[in-house]
Amino acid sequence: MSTKTLEQVEDQFETFQILNEEGEVVNEAAMPELSDEELQELMRRMVYTRIWDQRAISLNRQGRLGFYAPVAGQEASMLGSHFALDKEDWILPGYRDIPQIVFHGLPLHQAFLWSRGHFAGGVIPDGLNIMVPQIIIGAQIIQTAGVALGLKRKGKENIAITYTGDGGASQGDFYEGMNFAGAYNAPAVFVVQNNRFAISVPVEKQSAAKTIAQKAVAAGIEGIQVDGMDVLAVYAVTKQARERALAGDGPTLIETMTYRYGPHTMAGDDPTRYRSSDLDDEWTKKDPLVRFRKFLENKGLWSEEKENEIVDQAKDDIKEAMKKADGTPKQKVTDLIGFMFEDLPVNLREQMEEYTAKESK
Amino acid sequence: MAQMTMIQAITDAMRNELKNNEDVLVFGEDVGQNGGVFRATEGLQKEFGEERVFDTPLAESGIGGLAIGLGLTGFRPVMEVQFFGFVFEVFDSVAGQMNRLRYRTGGKQHAPITVRSPFGGGVKTPEMHADSLEGLMAQTPGLKVVIPSTPYDAKGLLISAIRDNDPVVYLEHMKLYRSFRGEVPEEEYTIPLGKADIKREGKDLTIVTYGAMVHASLKAAEELEKDGIDVEVIDLMTISPLDIDTIITSVEKTNRAIVVQEAQKQAGIAANVVAEITERAILSLEAPVLRVTAPDTIYPFAAVEDDWLPDHTEIVEKAKTVVNF
């Protein structure tokens with residue numbers, strides 16, 4: 001391929017933006033139709049999630065939560081895309097994508113139990129179309145192709161959406177999932193949250209491709225790069241992708257350009273080892289909450305008072321959810337055996353007896 | 001009753017289940033219009049349509065993900081991996097995902113998936129076609145692993161596998177596909193998973209085996225009979241979970257056992273059978289339980305297959321060692 005062709009491809013993937021860093025509308029024509037209440041609800045969710053992230057980090061440090069992957073900085077990317085979904089759409093989250101499944105309907109205390117490593121965290125409430133957060137990076141992408149094909153074959157007016165990171169876009173399953181969904185014209189939306197780092201490895205080391213969005217070309221599907229710190233832009237492109245998928249126009253790959261202010265996970269990762277403070281400062285200026293707050297304040301839809309109410313509400317909810325998590329009965333080996341199969345095979349029947357006896361001592 | 005080859009019995013089982021349940025879907029590489037590289041799905045797309053029996057892109061991992069996703073939306077996927085040597089491409093979906101779906105959701109989601117795949121030696125296939133990798137599957141909690149050796153068993157076990165609400169890996173030995181015909185009822189029937197079958201009753205020695213080695217063992221039993229050794233041959237049919245009762249009852253009767261597998265000594269499931277017998281019936285044993293297996297090399301180049309694969313003469317030899325211990 002000539003350099004010229006490569007440049008022509010890359011030119012197709014300019015970053016889509018609606019709000020700039022000052023909260024000013026720079027793309028009026030693309031403004032999504034959202035009521036004042038919906039705009040406020042979006043802000044409410046972002047503030048709530050920021051507080052939850054701060055609390056989760058603190059609770060993790062106190063040993064009251066286990067595995068936790070911070071989300072501060074990615075609120076627009078996560079919640080803007082989720083806001084475009086129908087309540088019966090399927091979400092196949094990665095391990096960082098807890099806010100999306102909580103706002104889809106997973107009770108907060110279950111998210112906490114999942115973090116601690118308790119099966120009750122994964123007991124998805126009836127009628128809630130989500131999978132448990134996926135630890136194997138890329139597996140959710142191929143599974144999404146299957147869920148989307150299933151929805152199409154069952155004649156449902158719903159889509160499957162999945163999330164991975166910039167590092168995840170290097171996996172084989174990432175390509176296979178998009179390619180399968182494309183080949184079956186299945187109603188899937190693939191979101192890559194490009195926060196520029198896969199643990200310590202910068203996105204430039206993942207691929208020579210200038211954008212991740214252009215990887216859609218390999219699957220023959222639509223690809224778009226969006227400002228992932230701009231909640232309105234993320235919402236707009238996801239909504240459009242959803243409509244296209246349901247109209248039978250195929251899947252979409254959305255790359256959200258975002259940033260995580262915290263470490264990769266709370267398991268000892270120290271971002272100062274691989275990230276400059278200049279880069280952190282640059283992205284702090286792009287904070288999705290700051291710009292959306294300005295936008296809403298200019299419209300007279302937001303106030304410090306309103307924000308404080310949400311902060312208090314979030315703190316109360318978290319406290320309540322932690323209490324509920326604390327009150328969940330401890331897991332037993334017999335519980336684990338019981339969930340393995342519908343009908344226990346002979347080896348597990350034996351072991352069930354063994355552990356039932358142990359547990360009754 | 002009809003006379004069928006094993007592959008015809010397999011096709012018949014899938015046809016039965018496609019008819020029986022509209023959520024059953026059959027898919028994989030070349031399983032649609034082509035009817036499968038071994039004709040296992042011959043005529044099924046024509047009969048049931050492209051929505052039910054369809055081709056996939058050439059990517060095993062994607063096929064596994066497709067099956068999991070379709071299972072979540074209410075379908076009952078029967079996915080094919082063209083040759084089981086290719087399972088490494090889809091190992092995560094089979095051994096890292098579908099096997100644990102029920103567990104990781106405390107029973108709320110499950111994977112009613114059947115993974116069909118041919119394997120096995122003796123037909124001079126190229127690399128990575130014939131490898132016996134059932135041991136890897138048998139070591140994976142959350143999977144059941146089925147290996148039929150006759151047309152009758154193949155049909156009943158496959159119908160059971162498809163109806164099972166948890167993932168079943170169903171391995172089809174290529175050498176057994178068309179090597180003989182057997183009586184197969186035309187109507188539907190099931191054979192329970194996890195149950196072994198005594199293919200030959202005997203009182204002097206138990207041979208525990210599965211797959212193509214069932215036939216090598218039956219041939220060995222005939223030869224041993226000439227020497228006055230009366231052999232009982234147990235066809236495991238399901239290698240995970242093992243039918244412990246049938247194995248132990250037999251060993252307690254014969255007091256001697258060997259385990260026969262086509263896989264390498266360090267692979268397969270023979271070591272597991274030996275361990276179970278040792279734990280449960282050591283006081284019945286007159287001799288150690290020995291194994292007949294392939295050597296611990298990579299699967300052989302096609303031209304040397306016959307020297308490498310275990311056969312009935314090795315079984316006869318090992319049986320005599322145990323009887324004369």
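**Where the chains meet**

Author: Start with a salt bridge: the side chains of A:Lys154 and B:Asp23 come together at 2.7 Å, N to O. A salt bridge here is a side-chain nitrogen of Lys or Arg within 4 Å of a carboxyl oxygen of Asp or Glu. This pair crosses between chains, with A:Lys154 in the loop between α6 and β2 (160-165) of chain A and B:Asp23 in the loop between α1 (6-20) and β2 (24-28) of chain B. Helices (H or I, at least four residues) and strands (E, at least two) are DSSP runs, numbered from the N terminus. A:Lys154 is partly exposed, at a relative accessible area of 34%; buried would be under 20%, exposed over 50%, and partly exposed is in between (1.4 Å probe, protein chains only).

Before going on, a word on what you're looking at: this is a predicted model, where local features need pLDDT of at least 70, side-chain atom pairs count only at pLDDT 80 or more, and totals for chains, interfaces and linings use all residues. Residues are numbered from 1 along each chain as its sequence is written, chains are lettered from A and ligands numbered from 1 in the order in which they are written, and side-chain values use heavy atoms, with hydrogens and water left out.

Back to the interface. The rule finds four salt bridges across it, and another pair that meets this way is A:Arg153 with B:Glu51, whose closest N and O atoms are 3.4 Å apart. Over in chain A, the elements giving two or more residues to the side that touches chain B are α6, α7 (172-183) and α14 (346-359). Of these, α6(A) brings the largest share, ten residues. There are also 15 residue pairs in polar contact between the chains, both residues at pLDDT 80 or more. That term means a pair of N or O atoms within 3.5 Å; within protein, one must be able to donate a hydrogen and the other to accept it, and residues adjacent in sequence count only if both atoms are side-chain atoms.

How big is the whole thing? The contact (heavy atoms within 4.5 Å) takes 40 residues from chain A and 41 residues from chain B. Together the chains bury about 3400 Å², 61% of it on carbon and sulfur atoms; buried area is the accessible area (1.4 Å probe) that two parts lose on being put together, summed over both. A:Arg153 turns up again here: with A:Phe180 and A:Phe341, A:Arg153 supplies 18% of the area chain A buries against chain B, more than any other three residues.
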